[in-house]
Amino acid sequence: MSFAVGFLAGVLYWLMGVRSPAPPWISLVGLLGILVGEYAVRTLLERRRRHGTTPTTTA
């Protein structure tokens with residue numbers, strides 16, 4: 001699904017005659033950052049659940 005949306009965005013950029021707002025390598029590095037961040041948060045939350053600690057909120 002995300003590939004299809006990205007493809008559609010590429011077609012729209014081409015139709016409008018503009019270039020992509022970011023070079024491809026910058027976009028890929030951004031996507032890698034999203035994946036690493038998602039993995040890190042998931043891993044930390046699973047570790048907290050296993051050790052029986054829950055995050056506390058402060059007001």
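Let's start at Trp14, which is found in helix 1. A word on conventions: this is a predicted model, in which local features need pLDDT of at least 70, side-chain atom pairs count only at pLDDT 80 or more, and totals for chains, interfaces and linings use all residues. Residues are numbered from 1 along each chain as its sequence is written, and side-chain values use heavy atoms, with hydrogens and water left out.

Trp14 is exposed, at a relative accessible area of 67%; here exposed means over 50%, buried under 20%, and partly exposed in between, with a 1.4 Å probe and protein chains only. Helices are DSSP runs of H or I with at least four residues, strands are E runs with at least two, and both are numbered from the N terminus. The number of buried residues among the 15 of helix 1 is zero, so the helix lies largely in the open. After it comes Gly17, with a positive phi near 75°.

Trp14 also takes part in a nonpolar surface patch of about 1,000 Å², together with Phe3, Phe7, Leu8, Val11, Leu12, Leu15, Met16 and Val18. Such a patch joins nonpolar side chains (Val, Leu, Ile, Met, Phe, Trp, Tyr) within 5 Å, taking residues with over 30% relative accessible area and no salt bridge.

Trp14 turns up again in the lining of the largest pocket, alongside residues including Phe3, Tyr13, Arg19 and Leu31. That pocket has a volume of about 340 Å³, and helix 1 gives the most to its lining, with eight residues. A pocket here is an open set of points on a 1 Å grid where a 1.4 Å probe fits, with protein on both sides within 12 Å along at least five of seven lines; lining residues have an atom within 4 Å of a point.

Now to helix 2, residues 24–50, where Arg42 and Glu38 sit four residues apart, about one helical turn. Their side chains meet in a salt bridge at 2.8 Å, N to O, the rule being a Lys or Arg side-chain nitrogen within 4 Å of an Asp or Glu carboxyl oxygen. The count of salt bridges comes to one. Arg42 is partly exposed at 42% relative accessibility, and Glu38 is partly exposed with 42% as well.

Stepping back, the chain has two helices and zero strands. Buried residues make up 0% of its 59 residues.

Conventions:
Patch = residues over 30% accessible without salt bridge, like charges linked within 9 Å, V, L, I, M, F, W, Y side chains within 5 Å. Areas by Shrake-Rupley, 256 points an atom, 1.4 Å probe, with all protein chains shown as cover. Points joined across faces, edges and corners; volume = space filled by probe spheres on them.
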